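My notebook is open, and I want to look up two things today. I will start with the disulfides and then turn to a pocket.

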Amino acid sequence: MRRLDRAIPVVTLAAALAAVTCAFPTDKSNDVSVSIQTDSGRKVVLAGQKLLAHATLWQHAGTDSAEIKNVVFQWATDNDSLAIVKDQGYGGAEVTGIASGNVTLSARAVSFEKSRTDYVPLRVSKPLEIDSVRPSLVRFGDTITVYGVGVDSIFIAFLGTTTQFDFPFPGKIVTRTRDSTGFSTAKFWVTPEAHSTRLSFFGPGVFGDAPDTTYILPFDVLEPNDIAPRAINLEAAPLIASIPALRFFNPALAFEPLKRDEQGVDWYRFSQTTPRDLTIILTAPDVRGTFSTFLSDSLLFVPGSGTTPGQYFIGDSAWTLGPGSHACKGQPFSPAEAQPESTVVALHGMPAGRLHALSIYSQPGRYGLAVFEGYAADPRVGRDAHEEDDFCDAADARGLAVTLPGGSLRDTLTIDNAHDIDWIRFRVTGALGATVTAKIAALPGSATSGSSDVDLYLLTVPGGGASSTLDPKGASTDTGSTESITAPLVAGDYYLVAVDYLGSPVAYDLCIDTAGCLAFPAARLNPVKKALGSIRAVAGVRRPPLYRPAVRP
């Protein structure tokens with residue numbers, strides 16, 4: 001009986017061993033396979049560098065898999081001139097890149113004849129190699145994406161001799177990518193005056209060219225927009241989700257080449273259904289001082305006929321805003337202003353509707369256009385409480401600033417961006433009218449008070465009781481920002497207009513009364529007048545003529 005008792009565990013153990021033997025695959029099994037995993041999933045190995053790989057043998061039973069240990073693998077590459085592999089034991093291997101190209105790494109289980117070999121494609125590359133640039137056909141203001149290895153480390157990219165800078169903001173928002181396999185991308189704006197060629201690049205210790213040509217059409221993505229406006233919907237989804245206030249942005253637009261003595265035009269029509277503050281910026285650093293930008297609520301192009309060229313017209317009740325060329329209720333106001341180097345217009349509480357922008361240029365070159373939701377004022381002076389007052393309709397909407405005689409106005413305003421303009425509406429009452437004095441003076445200590453030059457103009461309000469037209473009643477255009485006008489005025493409404501001649505933001509004090517503003521800083525004696533040549537230069541800029549019939553394009 002004891003013998004029988006001792007035999008029971010032996011029999012049980014033998015049966016268990018038999019079960020294990022039946023479950024373990026043989027070298028003829030076809031239900032096993034090899035899988036290769038590279039270090040961190042990388043699929044790129046640089047020439048002269050190493051990449052670690054590991055192989056695993058799996059037994060499959062239905063949907064389940066189990067790892068088989070202690071397996072010897074045979075490693076290989078299909079092209080030893082591109083990469084070699086060395087077995088490290090315990091399933092590991094070391095791949096060494098030799099030369100650029102595509103190679104296949106394989107591993108098979110030596111003792112399992114019918115096991116499935118695994119194959120993994122690898123790329124052997126230099127530290128920076130471009131595979132492709134897409135799309136291949138573009139215009140200025142388009143973007144191109146560079147694909148390859150290490151392209152996210154490109155220092156600078158060229159098409160011809162023209163630098164292509166990062167989309168969307170160089171050094172501000174990162175859009176270059178590198179995935180876990182080792183491939184990367186870089187996105188660039190297509191900037192004027194690039195031409196069709198292969199993209200060239202400089203990187204960390206390397207330079208080279210893309211393998212294919214990028215073909216460039218010699219105009220920007222918003223063309224044609226000379227005789228009809230390019231519509232820009234400010235309610236559209238923002239270009240950059242992380243900057244929702246940026247309603248439109250393209251820094252790679254083009255003032256296209258012109259024939260001799262020609263002027264070019266780019267025309268935009270912004271539309272919005274929601275009232276908002278807006279800041280419109282147009283800058284062309286390579287052709288500063290060769291363009292002017294005008295805003296209007298109503299603009300139309302009338303084609304020419306015979307020898308008569310086409311012209312741009314505004315409506316009979318339209319306003320315009322631009323250097324040296326303004327309009328109020330369809331009537332011109334052309335104060336002298338120095339040619340601006342760029343355009344920055346901030347508008348407070350712009351209503352729903354349409355806003356036209358017309359850029360007139362005389363030299364080809366790159367320019368950028370941006371529209372922000374918000375009011376961007378020069379931080380040295382800030383926005384004053386009277387905004388919006390950059391055009392006469394806005395001053396009308398604000399209401400009367402003062403009624404004379406009997407009242408007086410003393411306030412501080414700002415030229416909050418270069419070539420800003422302030423319209424102030426006031427009223428004169430009484431059968432005899434009144435002698436009105438208006439003065440301005442830059443605030444002492446204002447950041448640009450010493451270099452500013454704000455001029456002062458007095459105009460009638462068309463249909464405001466004093467006149468049916470926009471008539472000049474006085475002007476003070478001395479050098480500097482201390483100006484004074486005294487004029488006898490009949491009953492009616494008037495505009496006092498402060499114009500930034502020089503393009504230098506400044507805070508200034510304002511006085512309007514019938515007592516001579518005696519406590520106000522007096523104008524300098526014998527002030528130096530502006531050079532006549534400067535005024536003539538501005539006056540010679542071609543401006544859109546008036547279109548008398550009401551036009552609401």
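What is the pairing when I number the bonded cysteines of the chain in sequence order? I find that the pairing is 1-2, 3-4.

**Ground rules**

I am working with a predicted model, where local features need pLDDT of at least 70 and side-chain atom pairs count only at pLDDT 80 or more, while totals for chains, interfaces and linings use all residues. I count residues from 1 along each chain as its sequence is written, and side-chain values use heavy atoms, with hydrogens and water left out.

**Entry: the disulfides**

I reminded myself that a disulfide is a covalent bond between the sulfur atoms of two cysteines. For my search, the two sulfur atoms had to lie within 2.5 Å. I found two disulfides in the structure.

I looked at C328 and C392 to begin with, which are joined with an S to S distance of 2.3 Å. This pair links distant parts of the chain, as C328 sits in strand β27 (residues 326–328) and C392 in helix α2, 64 residues apart. I noted that helices (H or I, at least four residues) and strands (E, at least two) are DSSP runs, numbered from the N terminus. The torsion about the S-S bond of C328 and C392 is about 105°, so I wrote down "right-handed".

Then I went to C511 and C517, joined at 2.1 Å from S to S. Their S-S bond has a torsion of -95°, and the link is left-handed.

Are these cysteines buried or exposed? My cut-offs were under 20% relative accessible area for buried, over 50% for exposed and partly exposed in between (1.4 Å probe, protein chains only). C328 is buried at 0%, and C392 is buried at 0% too. C511 is buried at 6%, and C517 is buried at 2%.

**Entry: the second largest pocket**

I used a 1 Å grid over the protein atoms alone; a pocket is an open set of points with protein on both sides within 12 Å along at least five of seven lines, and lining residues have an atom within 4 Å of a point. The second largest pocket has a volume of about 290 Å³. Of its 22 lining residues, W319, G349, M350, P351 and F391 are the closest to its centre.

Which element gives the most to the lining? I found that α2 does, with four residues. β21 (264–272), β29 (342–350), β30 (353–361) and α2 (392–398) each supply at least two.

I sorted the lining into 11 nonpolar, five polar and six charged residues. Ala, Val, Leu, Ile, Met, Phe, Trp, Tyr, Cys and Pro count as nonpolar, Asp, Glu, Lys and Arg as charged, and the others, Gly among them, as polar.

Technical notes
1 Å grid on protein atoms, 1.4 Å probe; cavity = no way out; pocket = protein on both sides within 12 Å on 5 of 7 lines; lining within 4 Å. Points joined across faces, edges and corners; volume = space filled by probe spheres on them.
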